[in-house]
Amino acid sequence: MVRSLRKMATPLGIVPGETATLNLPLGLTYDRLDIEMNVDVSTVATDVPIANWGDYIDEVRLIVDGQTLYQAEASFMVAYALYHGQALVPGVLPLFLERPWMLTTADQMITSYGTANGTVGSLTMEIDLKAGITVNHLRVWSKRSPPRDWGSHLRLQRHAHNQSVGGEAELQMFSPGPYGMLTMHLDTAAISDLQVISNNRIVKESNALLRAADQATAGRTPQAGYTHVDFLTEDIMTEMLDMRVDDFRLKPTFTGSGPGAVSIYTETLRAAFG
């Protein structure tokens with residue numbers, strides 16, 4: 001069965017300042033969801049510019065059986081795609097469940113959402129619309145592959161941290177467990193040195209220049225205003241960081257007087273170890 005691209009039903013509640021909601025059909029395997037949006041810009045109907053998604057959509061969520069498994073600001077979704085070398089066009093915001101930049105088909109699709117054979121009871125997409133905008137249309141499309149049961153899947157979490165002073169900080173809000181850490185993204189570039197510590201051992205260490213060099217060598221495109229911590233620069237899933245540990249910490253050194261509020265996105269492979 002060939003993979004297909006299909007338009008979904010129209011989301012409910014497309015009202016500025018409110019949350020548009022879409023219950024996705026079950027039985028399919030979702031590899032990517034595309035949000036298509038046209039808005040008024042100075043009274044002119046316009047496909048949302050790539051750099052301006054955050055002006056029209058705040059946060060996007062995927063909820064599986066009542067549990068939020070994907071949570072990201074629209075501005076981060078743009079940064080995530082561009083960091084991984086994905087070309088974007090105005091008017092379409094992709095939500096990647098698969099990772100098409102991985103080296104093998106199996107690694108590309110292991111993070112997709114399979115919903116076949118009653119293994120998922122509900123799959124809901126929520127889109128928080130900004131207030132004061134005019135939406136001409138909002139559509140959702142799905143790229144999907146042959147049906148498979150729920151199993152290994154992507155989880156994208158958004159963690160909040162407040163850093164009001166410069167200097168070294170120790171972040172410990174990441175719970176260990178039977179899953180793999182793929183990437184971490186902090187929405188601030190005000191970080192110089194950075195260490196990742198697992199079971200009291202430094203497993204990754206860099207400064208801003210070395211991070212940029214390492215990621216450029218891997219074909220990544222670091223985004224302005226972000227610090228990326230990438231465990232899969234070789235695009236091989238087995239290189240993910242095993243989170244079956246007793247201790248996991250992130251130790252960034254913040255520059256200047258501190259960036260204030262920081263969102264930390266963690267991209268993980270769940271059910272990775274059975």
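**Figure 1. Helix α1 and its buried residues.** The buried residues of α1 are A74, F76, M77, V78, A79, Y80, A81 and Y83, where buried means under 20% relative accessible area, exposed over 50% and partly exposed in between (1.4 Å probe, protein chains only). Eight of the 10 residues of α1 are buried, so the helix is largely enclosed by the rest of the structure. Helices (H or I, at least four residues) and strands (E, at least two) are DSSP runs, numbered from the N terminus. An α-helix has 3.6 residues a turn, so residues three or four places apart point the same way. After α1 comes G85, with a positive phi near 75 degrees. The model is predicted: local features need pLDDT of at least 70 and side-chain atom pairs count only at pLDDT 80 or more, whereas totals for chains, interfaces and linings use all residues. Residues are numbered from 1 along each chain as its sequence is written, and side-chain values use heavy atoms, with hydrogens and water left out.

Figure 2. Seven aromatic pairs are present in the structure; rings of Phe, Tyr and Trp (its six-membered ring) pair if their centres lie within 6.5 Å, and planes under 30 degrees apart count as stacked, over 60 as edge-to-face and the rest as tilted. In one of these pairs, the ring centres of F76 and Y226 are 6.1 Å apart and the planes stand at 50 degrees, so the pair is tilted. This pair links distant parts of the chain, 150 residues apart: F76 belongs to helix α1 (residues 74-83), and Y226 to the loop between α3 (208-217) and β16 (227-230). Both F76 and Y226 are buried. F96 and W101 form an edge-to-face pair, with 5.6 Å from centre to centre and 70 degrees between the planes. F96 and W101 are likewise buried. Ring pairs join F76, Y80, F96, W101, Y226 and Y265 into a cluster.

**Figure 3. The charged end of R270 over the ring of Y179.** The charged end of R270 sits over the Y179 ring, 3.7 Å from the ring centre. A charge sits over a ring if NZ of Lys or CZ of Arg is within 6 Å of the ring centre and within 35 degrees of the ring normal.

Figure 4. E59 lies in strand β5 (residues 57-64) and counts as buried at 8% relative accessibility. Apart from neighbours within four places in sequence, E59 is in contact (heavy atoms within 4.5 Å) with Q71, A72, E73, E126, I127, D128 and R158. The side chain of E59 makes a polar contact with the side chain of R61 (2.8 Å). A polar contact is a pair of N or O atoms within 3.5 Å; within protein, one must be able to donate a hydrogen and the other to accept it, and residues adjacent in sequence count only if both atoms are side-chain atoms. The C-alpha atoms of E59 and S75 are separated by 8.6 Å, the two residues being 16 residues apart along the chain.

**Figure 5. S198 in strand β14.** S198 is placed in strand β14 (residues 191-198). With a relative accessibility of 6%, S198 counts as buried. Leaving aside neighbours within four places in sequence, the contacts of S198 are V203, V245, D247 and F248.

Figure 6. S42 is in the loop between β3 (29-41) and β4 (44-47), and T43 is in the loop between β3 and β4. Although S42 is not a glycine, its phi is positive, about 55 degrees. T43, not a glycine either, has a positive phi of about 70 degrees. S42 is exposed, with a relative accessible area of 65%; T43 is exposed, with 72%.

**Figure 7. The two ends of helix α3.** At the start of α3, a side-chain oxygen of N207 reaches to within 3.2 Å of the backbone nitrogen of L209. Just after α3, G219 adopts a positive phi of about 85 degrees.

**Figure 8. The chain as context for the close-ups.** The protein chain contains three helices and 19 strands. Of its 274 residues, 50% count as buried. Among contacts with a separation of 6 or more, 79% are between residues 24 or more positions apart.
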